[in-house]
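Trainee: Please take a close look at one residue in a strand and what surrounds it, and then go on to the ligand site.

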Amino acid sequence: MSKTWRPATQLVHEGTLRSQYGETSEAIYLTQGFVYENSAAAEARFKGETDGFIYARYGSPTNDMFEKRMIALEGAEDARATASGMAAVAAAILCQVKAGDHIVAARALFGSCRYVVETLAPKYGVECTLIDGRDLANWEAAIRPNTKVMFLESPTNPTLEVVDIAGVAKLANQIGAKVVVDNVFATPLFQKPLELGAHVVVYSATKHIYGQGRCLGGVILSDKQWIDENLHDYFRHTGPAMSPFNAWTLLKGLETLPLRVRQQTESAARIADFLAGEQKVAKVIYPGRKDHPQADIIAKQMTGGSTLICIELKGGKDAAFALQDALEIIKISNNLGDAKSLITHPATTTHKNLTDEARAELGISGGTLRLSCGIEDTDDLVDDLTRALAAVSA
Ligand SMILES: *Cc1c(COP(=O)(O)O)cnc(C)c1O
């Protein structure tokens with residue numbers, strides 16, 4: 001609606017389509033199809049001569065509102081809402097490659113994302129090189145004349161490493177490759193990959209965008225030309241569309257995104273500092289702390305810290321399990337970005353499918369825990385962790 005609105009205002013009002021009833025809260029349009037006034041109207045709609053919806057797999061009003069709100073927040077030109085974050089990642093990558101093409105990806109990826117580039121794409125004749133994405137020299141060395149996609153996540157799961165997005169985009173532009181950024185951990189509030197030169201941004205809306213743990217969703221954002229030339233037909237004919245019901249819940253989630261993420265980030269910053277001073281903690285990795293190994297890149301490309309903290313305990317797996325089991329408020333769960341604080345032991349859950357060697361490369365040890373801070377009172381979370389650390393043998 002207005003380009004001058006700031007994010008908190010966009011997230012409450014942008015993209016709203018009101019019906020003849022003038023409802024305050026966005027309506028849910030649970031319909032598979034749409035009817036036409038007459039044959040000529042149907043013909044014109046199918047020819048693309050008139051605006052309007054054709055079939056819910058292609059687009060529908062509630063999804064359209066969600067997409068418009070995300071477009072405004074991200075500063076993109078167009079978007080497609082998908083059934084899950086993985087539907088978004090798979091579509092964003094597969095829609096633009098063909099047999100004989102090459103993908104370069106940072107190896108520190110969400111497990112299923114790594115499957116898409118490392119295992120799935122090669123089945124269709126698309127080769128993939130996985131690298132340590134922290135060093136730009138590795139991206140440069142991995143590029144080939146047939147490299148079409150460069151894929152990364154920053155900060156990464158679970159060790160919160162970062163990748164220099166502008167640096168990767170510069171390399172990609174030299175050979176006409178497209179940079180796809182999975183921006184889940186940074187949230188759309190703290191990092192703008194498109195402004196940094198990336199070509200496509202994907203989210204699991206399941207995480208902070210909804211943030212209340214009820215439904216899955218995803219979204220792909222880019223410029224109009226990329227969507228028209230790559231995603232448009234793929235999306236229509238392979239069917240990863242989001243359910244209108246989920247779009248309706250996600251629209252509500254977007255209204256409170258800045259409030260939740262601000263509270264979660266303030267909490268995380270305090271908890272990270274608290275944990276860093278604890279005897280039984282070997283290391284705390286937090287993008288808001290000065291001792292983050294890549295603080296210079298964070299200062300260049302992020303405008304906020306993170307709602308997540310990576311913790312390494314001195315006592316290994318036994319200590320990590322003891323801490324998790326002694327927590328009362330913080331729940332053991334592999335989700336993140338939720339209103340509830342959640343903790344997970346990556347080596348035995350989210351990253352259990354990796355080889356020991358691959359886990360070691362990513363810095364995941366038996367003592368590694370990933371904490372996703374919720375919106376509870378920070379003092380209660382610190383109390384919970386204090387109590388649980390006391391249960392860990394020294
Ligand atoms: C959760 C997550 C995904 C996958 O999203 P789903 O909604 O679970 O399909 C992809 N990337 C990252 C970084 C995630 O955290």
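Mentor: Asp78 is buried in this predicted model, as its relative accessible area is 16% (buried means under 20%, with a 1.4 Å probe and protein chains only). The model counts local features at pLDDT of at least 70 and side-chain atom pairs at pLDDT 80 or more, while totals for chains, interfaces and linings use all residues. Numbering runs from 1 along each chain, and side-chain values use heavy atoms, without hydrogens or water.

Asp78 belongs to strand E1, residues 78–82 (a strand is a DSSP run of at least two residues, numbered from the N terminus). Its side chain makes a polar contact of 3.4 Å with the side chain of Arg80 (N or O atoms within 3.5 Å, one able to donate a hydrogen and the other to accept it). Apart from neighbours within four places in sequence, Asp78 is in contact with Ile71, Ile220, Leu221, Ser222, Lys224 and Ile227 (heavy atoms within 4.5 Å).

Now the ligand site. Gly85 places a polar backbone atom 2.8 Å from a ligand oxygen atom. From Thr206, a polar side-chain atom lies 2.6 Å from an oxygen atom of the ligand, and for a polar side-chain atom of Lys207 the distance to a ligand oxygen is 2.8 Å. On its own the ligand has 380 Å² of accessible area, of which the protein covers 91% (Shrake-Rupley method, 1.4 Å probe).

Notes
Helix = DSSP H or I, 4+ residues; strand = E, 2+ residues; numbered from the N terminus. Buried < 20%, exposed > 50% of the residue type's maximum accessible area, 1.4 Å probe, protein only.
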